[in-house]
Amino acid sequence: MDWLKKLDPDAVSLQCGDGAVWALPGLQGRIVCSMDGELLHRLDRDLAATAKPGTFNNVGGNSLWPAPEGGPVAFNYYQKDPAAWGVQEAVNSQFAVCTECSGTHAVMEKTMSLTNRTGADMLVAWRREIRPADLARTAAEYSLKATGYESEDTLLLQKPFSPEEALIAAWSLEQLPLSPDAYGFMVFDKAVPGMVNTGYYGDPVPYLDYAGNRVIFRFDSPSKLQIGADAGSNPRLIGGCIPSRDLLILRETTVVPGGTYIDIADNEQPAGPFAAGDAYSIFYGAELDFFELETIAPVIMEAGLVRGSLLQSRSMFFRGRFDDLARMMMDKYGFQLQQGVAK
């Protein structure tokens, strides 16, 4: 993985199980994982080497964004043209600094200058703390290889805002390469109405297969789609399976009971930013050739004002024989992993 150090000379590697977790402050504070000399995430090496301000540097890996994307207080509709989507330079191009580095954890930080759709100007303390995840026992029990990490992502406003002026939620987007047999899934504590939010854009319903408290998201639409897991419906985790790579990816986050979750969606949010509140999301990129497993935190509100957001997540990568992966998923989560999904 010497090429990662060439892309980002400040990259920090944390050993975890059968692989490594990489903190990349020079790539806007992204996180990636490797195993057997192979990068498990999608990472556009050419774009990472030539990224420039002013164009969307969709490099890949796990990046930390401020939400919401759309709606009345959007971060991605902030320009003079109110219909123009864009990624602000503090997210798109600004480096982070690794302020703590050891064999057991890494901390990346930066101060971001952000503007939202209302014109609110914000200084935001952006911070990611990463620790290797302890997956050794599970990996050994099921004859699997494993690596992964726990992260604590923080966005804190220098000064508070009213929710009419500004909202901010920490939003972690884990980007993986698509393959013809890849699919996503969500697992909830129990099946309840409205547990899956299908109101982002397009119509994902024909690509969803429900089985009680579980749903499979088939990646075979000709156009991009996105779904969310409602925080109030007690989601347990989301994941992606890529059988051709012998790879299973799982993501968990701490769902805060009573937390102020918001609608992160890239749309006008006609019912307002509090009409939806997802703790997880899965994005299928179609022609973009990647998918994302996303975790989202609630907004921290104090005395009726927006102060920031705190997101705790766990990302796990398991590799092995399909039968062993399937046995682990059934034992741990009651989920029937599929070798392939009907497309």
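Which helix gives the largest share of the lining of the second largest pocket? I began my notebook with this point, keeping in mind that the model is predicted.

**Entry 1: the second largest pocket**

I looked up the lining and found that helix 2, residues 45-50, gives the largest share of it, namely three residues. I noted a volume of about 160 Å³ for this second largest pocket, and I counted 17 lining residues in the record of it, with Gly26, Leu27, Gln28, Ala48 and Phe95 being the closest to its centre. When I sorted the lining by class, I wrote down nine nonpolar, five polar and three charged residues.

**Entry 2: the largest pocket**

I then turned to the largest pocket, for which I noted a volume of about 400 Å³. Its lining is made up of 21 residues, and those that lie nearest the centre are Phe56, Trp65, Glu69, Trp85 and Phe283. I also checked which elements give two or more residues to this lining, and these are strand 5 (62-67), strand 10 (169-177) and strand 19 (290-296). By class, I listed nine nonpolar, six polar and six charged residues in the lining of the largest pocket.

**Entry 3: salt bridges**

How many salt bridges does the structure hold? I found 21 of them, and I looked at a few in turn.

In one of them the side chains of Arg42 and Asp44 meet, at 3.9 Å from N to O.

Next I looked up Glu268 and Arg117, which form a salt bridge with their closest N and O atoms 3.2 Å apart. This pair links distant parts of the chain, 151 residues apart, since Glu268 lies in the loop between strand 17 (247-253) and strand 18 (278-284), while Arg117 lies in the loop between strand 7 (106-115) and strand 8 (121-132). Glu268 counts as exposed, because its relative accessibility is 52%, and Arg117, at 26%, counts as partly exposed.

I also followed the salt bridge in which the side chains of Arg314 and Glu252 meet, at 3.7 Å from N to O. Here too distant parts of the chain are linked, with Arg314 in strand 21 (residues 305-319) and Glu252 in strand 17, 62 residues apart. I noted that Arg314 is partly exposed, with a relative accessible area of 22%.

Last, I found a network of salt bridges that links Glu100, Glu109, Arg127, Glu129 and Arg131.

Key:
Residues are numbered from 1 along each chain as its sequence is written. This is a predicted model: local features need pLDDT of at least 70, side-chain atom pairs count only at pLDDT 80 or more; totals for chains, interfaces and linings use all residues. Side-chain values use heavy atoms; hydrogens and water are left out. On a 1 Å grid over the protein atoms alone, a cavity is a set of points where a 1.4 Å probe fits but cannot get out, and a pocket is an open set with protein on both sides within 12 Å along at least five of seven lines; lining residues have an atom within 4 Å of a point. Grid points are joined across faces, edges and corners, and a volume is the space filled by probe spheres set on the points. Helices (H or I, at least four residues) and strands (E, at least two) are DSSP runs, numbered from the N terminus. Ala, Val, Leu, Ile, Met, Phe, Trp, Tyr, Cys and Pro count as nonpolar, Asp, Glu, Lys and Arg as charged, and the others, Gly among them, as polar. A salt bridge is a side-chain nitrogen of Lys or Arg within 4 Å of a carboxyl oxygen of Asp or Glu. Buried means under 20% relative accessible area, exposed over 50%, partly exposed in between (1.4 Å probe, protein chains only).
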